[in-house]
Amino acid sequence: MKNPKLFTGLLAVSLAATPLLPAQDKQLARDVEFVRSLATELRFISLATEQVEALQMSYKDSEDFKLVSQLGIEISLIGAQIHPNREERRRLFRDALEQSKVFIERYEGEPVADAAMLTMVRASYEYGSFLVEELELAREEAPDQIKGLEEAAAQVYRDGVDACESAMEKLEHSREAGSKQEQDYFMCWLYKGMLLRENARAVREDRDHLALVSRDTLEEMIFDMGEDSILGMRAYFEMSQVGEVLGDYKGAVRDYKDTIDSIDKILSNADLEISASAKELLFGLMQQAYDRAANALFLSGNTDEVLSFVLEFREHVASLGAEGADIYDVADHSVLLTEARAMAESGDPAKVGAALDQVREINRRHPNDFIGSKAKSVLKDILDVQSSMVSGVLMLEVAKGDYQAKNYEAAIKGLKRAYAAMSPSERDAKGLELWTIAGRCYGSQQRFLEASLALCDALEKHGQTPGGDAELTADNLERTWNGYLRQSKSDSDVALNPLKDRVTTLLGSYGGTDSEAKLLYNTATRDLQEGRIDQAIQNFGRVPADTPFYEPAKGRLIICYQRKADFAQARRLIGEYESWLETPAAIVPEENSAGRANRGATKATIDYYKFYMDYQEATGANGGDKDPTKFPGIIAGLAEFRTRHAAYAENFMSRVYDIVARLQAELGEVEQAESTYRTLRNEFPGSPLGSMLATVIFTAHQDYMKSVEVEYDALMETEPDRQQTQAATEKLTLARQAALNSGLEYTRNSPQPQYSVMWNSVLIAASLKDWKTVEDLGKKLVEGFGSDEKYRDRVERRVKEKLGEAYLRQGNFKGAVELLAASEEAAIAAGRPNYPVTRLLCLALGGWVEFDSNGTRVIIPGLDKADEAYDKFWTEYKKYALNSSRTQDYDINWYTFHWECYQFANRAIAKDSMFRDRAQVLYNKAEAGENFASLKALGPEGVEVANLFTSYPPK
């Protein structure tokens, strides 16, 4: 066929072009269509992906962002279907599936998730088909890869079947006759049957069961919608393949021929009005049926019948309007390849020669896809039995097939054999390509030194060949040599100098000055990344001025000196660069877009590091004294940074926001710092700076809260009036709530929240009596840090205490007792009793008395075991509560203990009158014959305890 894409027939009608949801505005709709056309019409997948990323930055509205994200998934799938490189296709397929899963989970229940479900169905089938192709090649060429490919394909197919069933369940109740929902429903049904069948094809041990389930699924669909419809015809064809999967080649051929006859009747009936697109779909389906039938005949071993059948195919194609056309432009090449395989097996020299010609032409038209790989495999088969008929150039094609199948060792041997068999003229024509592929084979195995040597040979022996792409080979050499240096980490080894000079010379000769400059720039960049700053400075300094890497190298030099903390030299170089910009040598022509981009990026880099060095000096990060007076100027300068470098600031903006927020926090401008943090989080949701900055914001809130607490405590010592107390309390509550909100936001958005931030948030929530938050955070701390050796003891003794109190205060007394009793037992077993836990356990058992917000006394019963609580409180907790190291007679701790013990005894009287005397004794001891005057003198807390006593006298 002239267009080598596989006809997926009627699958293209619905799911193969699943529409996105409507755009929110016309501009976005135009942008989406433009990006889609980049991929589908121009096949610029990388450019389309970049445009999707740009749209995601532009359209932050929730619905628009979802639309663009779904477009990104579609672009990955389109790229996977058409990309010439099989490894890149594998990556794009995997990306489309993973992105679909994440998208569906994130937006579950929304219409946009339903659309993504349909995309996932299609991606599962396409990716699975790709893996089955890989599996077929592996069974012939690389048996060691079979198991891994089977497992991968099976998982993809299982996920696809699950997606089909989920989509069908959602569409079941909205599939009115003739609606898009009905069409989608049947397409999912069809895909389900196909996925099950292909799963059977891929995994032999499950083959019989899965194949029969597939047949039943497709048969039910045909009964439901009728086999006379075009979609029903497609389903019948797909069901016919089940026989082939099960090895019933005779039955499969019969079914395929039935499909061919049914389609022929439609296409040959002049009375039927069929659209051109429908005819094309049916023609493609018929060719697929011929392909499967020819393949089944070949597998059954009847080569003569294959040749007769394909001859019928050729005549049939010609009779349907393609008479006189080149057969390669109209016929399915897979059918012709099966014909060539049959001719090659005949042993007839004339037929073998014709097969070679046919395979050579198919291989030429399919340099990188599955059909091309199969063609190379056929060439290899012919080579094995008819080597005298195969030239060195054809041997090269066979070796290329091994390379594409990732059989790198076989490819290398084949390439060497091909080179040896070539004539001088063939070497001149193909030598550069041959040794370039050899270099790639070595490189794909991480054998970068051998790869570099092979590519050096390619350029030295054949770099001057007319028509050869020496620049591409030089580019391969540059990447491979950098790979070797990264791998060996021996860039400074003097023994490498001869080879290094050889590489540099070849890059200068065949890659031009730019290639040599790129090598220097990349080497220097690697030096910088790996901490060899002086070596990086030397290499950046050697980048020639008349290359695209000159200005970026200047920017990197500033970074080198900043890393060395040599700010004076960095600023001197900045001055030199800015002076150079005023010279004629720095003029960039308007049409040189790459040069303008380099200029803009370098200016942004230098401007950022000017401020970054100022920031380090002002904060004392470089060892000097902190100077907060410089903070406002740095903040103001960075606020203008994005405006000055609008097109090139994106790489630095997350760091700019981070610096600004930190400085604002240092100045006590907590609200401004939090606003800057939110901007960072919204614009760069994946940046690790977000979670680190959140801890700074939380600390700033916490510092402010503590200052308000000190202020509040000082005020309380002055015996303020009611209005002053209320104002101070409101201020403290607001400060605590703001700090808690900051801690909660950090916890939600950080992938690995810090223990200290979460624990301090627990304490703040407890001070606010926000017990639900205490519970939520406490559970997260137990789950995240309970098994960590560093935090285990703190979680057991402190976190579980607060978690138990949260249960207690929310009325979950049973849960509190279970948790606190287990914690108490663990502490005793460890030889370190946890008395605060014992106190809370007593409260959970026996309850307590408190005032509500209206000042009314309320009795909280707990588990209504006041007698047990009293005994435990008096015999176990007393020795801790009244320990002289923490409690003096008649201080607030002493009174609090006596109050809690008293209220247990006073309520236990209802169960046992003996507690009446104990309650009276405790009350009298606290009252001391002075109506609690000493207690009231201990401040607001003392007054509250005294009021509790007097509101709840002995029974």
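Modeller: By relative accessible area (1.4 Å probe, protein chains only), a residue is buried under 20%, exposed over 50% and partly exposed in between. The model is predicted, so local features need pLDDT of at least 70 and side-chain atom pairs 80 or more, while totals for chains, interfaces and linings use all residues. Residues are numbered from 1 along each chain as its sequence is written, and side-chain values use heavy atoms, leaving out hydrogens and water.

Colleague: What's the mean pLDDT of the protein chain?

Modeller: The mean is 82, with 90% of residues at 70 or more. pLDDT is the predictor's confidence in each residue, from 0 to 100.

Colleague: Where does it stay under 50?

Modeller: Over residues 1-24.

Colleague: Switching to α18, which of its residues are buried?

Modeller: Tyr 408, Ala 411, Ile 412, Gly 414, Leu 415, Ala 418 and Tyr 419. They sit on the same side of α18 because they cover an arc of only 165° around the axis, taken from the directions from the helix axis to the C-beta atoms. Helices here are DSSP runs (H or I, at least four residues), as are strands (E, at least two), numbered from the N terminus.

Colleague: And what do those buried residues pack against?

Modeller: α17 (392-404), α19 (424-444) and α20 (448-462), where contact means heavy atoms within 4.5 Å.

Colleague: What's on the face turned away?

Modeller: Exposed Lys 413 and Ala 420.

Colleague: Next, Asn 931: where is it found?

Modeller: In the loop between α40 (915-927) and α41 (933-936). Asn 931 has a positive phi of about 55° without being a glycine.

Colleague: Why does Asn 931 count as partly exposed?

Modeller: Because its relative accessibility is 45%.
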